[in-house]
Amino acid sequence: MTVANAEPKTSSVLSLCTNPWPSALAPMQDVTGLPFMGVIAECGSPDFYFTEFFRVYPNSKLDPEILSSITRNPSGKPIFAQLIGESIPNLDRIARELQQFSIAGVDLNMGCPAPRVYKKNVGGGLLKDSRKIELILKSLRREVKSLLTVKMRIGFEDDRNFEDILSILNDCEVDLLSLHTRTVLGGYRTDPDHEYVARAVERLDCPVLLNGNVTSAKVAYSLKCQTGAAGVMIGRSAIRNPWIFRQIREMQLGMPVFEPRMNDLYKYVQNLFVALGKPEMDDRRIVGRIKKFLNFVGLSVCPEGKFLHQMRRSSTPAELFRICEKFMISEGLAFQKLNLEPFDSLLARPSQESVES
Ligand SMILES: Cc1cc2nc3c(=O)[nH]c(=O)nc-3n(C[C@H](O)[C@H](O)[C@H](O)COP(=O)(O)O)c2cc1C
């Protein structure tokens with residue numbers, strides 16, 4: 001990997017960050033809503049949040065549940081509203097509506113790899129058509145008075161449009177790029193190639209957030225230094241270790257870095273359970289919902305995968321918490337340090353980006 005000499009570019013995005021360099025919670029459909037934001041804020045917020053995507057199509061309305069993460073943002077940190085769509089008048093219309101709320105900016109999704117999404121030429125599907133990207137961003141740039149940001153993968157099946165798209169981002173005066181360094185067809189199976197972040201940092205007038213397998217504060221720091229990225233965006237590892245943003249901040253400030261114990265993890269699961277439950281949900285649904293999160297948490301719990309195996313088979317809250325107690329607090333486990341890196345041998349399921357995929 002080339003060591004980037006370029007200093008991260010300054011911009012109004014970075015001026016929103018009070019730390020030496022920013023971290024962001026990645027947008028995750030069905031995850032990064034108001035309940036999870038609240039839980040993360042208690043563990044230590046990132047500098048920026050991004051909403052799950054608002055679907056944009058003719059006559060689409062702002063999803064009230066996603067909107068609540070903006071109107072009731074519990075973190076006090078800037079939040080960007082993410083849009084997915086390809087219809088220019090409708091993207092413009094929704095961007096206009098969103099600017100009536102307290103957002104730091106509007107983010108365009110150009111990375112979603114779910115086939116039902118990209119087959120409609122939205123999300124990751126946009127990366128096949130640079131001209132379309134240019135038209136969308138030019139129009140959004142006129143419409144968005146606050147910050148205009150883009151989150152994308154490096155290409156659809158390969159990187160053939162990568163450089164072109166970077167030029168378009170410059171021409172359209174995009175304020176921030178979050179770059180997930182896999183192709184759309186690479187899904188999550190391929191390794192991220194962060195060399196593309198160094199290339200984007202060289203070419204772009206705006207700052208770049210590096211995204212893809214940033215598993216710990218140490219990895220964040222090392223990748224930031226190697227690539228010249230302005231900061232990092234973290235998704236799945238923030239579900240597994242919700243203190244990761246606090247750890248990044250403490251590391252930046254030369255403070256002792258918080259070392260969570262297994263009983264902290266247990267309390268986190270309890271908090272998630274309370275936050276994710278809704279009065280109208282029966283126990284089975286709440287358990288189903290929390291299992292999605294525990295699929296990621298489990299990567300740091302038992303290297304042989306026994307926690308994941310047992311947790312996935314539980315069906316009541318009592319059963320689920322008995323399993324959590326067994327693996328997180330019984331027999332002296334409570335004060336064991338949490339493994340900051342995931343165990344290599346384990347796989348989270350599901351790791352797709354969309355409930356449809
Ligand atoms: C469950 C899930 C839902 C996701 N939803 C979105 C989304 O709504 N918008 C988006 O741009 N990316 C979405 N992503 C992709 C993440 O934002 C991120 O780019 C990806 O997970 C790689 O980062 P990570 O290795 O830190 O998880 C999602 C990922 C997951 C696992």
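Me: Two strands pair if DSSP finds at least two bridges between them. In this predicted model, what makes strand β6 and strand β7 a pair?

Reply: Strand β6 (residues 176-183) and strand β7 (residues 208-211) are joined by 4 bridges. The requirement is at least two bridges, so β6 and β7 pair. Their sense is parallel. Among the partners, L177 is bridged to V208 of β7, and H180 has N211 of β7 as its bridge partner.

Me: How do you know that β5 and β6 pair, and in which sense?

Reply: DSSP gives 6 bridges between β5 and β6, where at least two are needed, so they pair. The sense is parallel. One of the bridges links T149 to L176 of β6.

Me: What sheet do the strands β1 to β8 form?

Reply: The 8 strands make a closed barrel in the order β1-β2-β3-β4-β5-β6-β7-β8, and the pairing is parallel. With direction ignored, neighbouring strands of this sheet are turned by 25 degrees against each other on average. Helix α4 (residues 88-98) packs on the sheet and touches β2 (48-55), β3 (79-84) and β4 (105-110). The direction of α4 makes about 160 degrees with that of β3. Helix α8 (residues 195-203) lies across β5 (147-155), β6 and β7, at about 150 degrees to β6.

Me: Why is β6 said to be largely enclosed?

Reply: A residue is buried if 20 or more other C-beta atoms lie within 10 Å of its own. In β6, 8 of the 8 residues are buried, so the strand is largely enclosed by the rest of the structure.

Me: How do you know whether T227 is buried or exposed?

Reply: T227 has 27 other C-beta atoms within 10 Å, and the cut-off is 20 or more, so T227 is buried. T227 belongs to helix α9 (residues 217-227).

Me: How do you know that the span of helix α15 agrees with its number of residues?

Reply: Helix α15 (residues 317-328) has 12 residues, which at 1.5 Å a residue should span 16 Å; the end C-alpha atoms are 16 Å apart, so the two agree.

Me: What puts the buried residues of α15 on the same side?

Reply: The buried residues of α15 are L320, I323, C324, F327 and M328. They cover an arc of only 110 degrees around the axis, and therefore lie on the same side of α15. These residues pack against α12 (262-276), α13 (283-297) and α14 (306-312).

Me: Why are the buried residues of α12 said to line one face of the helix?

Reply: In α12, M262, L265, Y268 and L272 are buried. Seen down the axis, the buried residues fall within an arc of 100 degrees, so they line one face of α12. Q270 and V274, on the other side of α12, are exposed. The cover over the buried residues of α12 includes α2 (34-44), α13 and α15. From its first C-alpha to its last, α12 reaches 21 Å over 15 residues, close to the 21 Å expected at 1.5 Å a residue.

Conventions. Residues are numbered from 1 along each chain as its sequence is written. This is a predicted model: local features need pLDDT of at least 70, side-chain atom pairs count only at pLDDT 80 or more; totals for chains, interfaces and linings use all residues. Axes are lines fitted to C-alpha atoms, for helices over the stretch in contact, and angles run from 0 to 180 degrees between N-to-C directions. Two residues are in contact if their C-beta atoms, placed from the backbone, lie within 7 Å. The expected span of a helix is 1.5 Å times one less than its number of residues. A residue is buried if 20 or more other C-beta atoms lie within 10 Å of its own, exposed if 12 or fewer, and partly exposed in between; C-beta atoms are placed from the backbone. The arc is that of the directions from the helix axis to the C-beta atoms.
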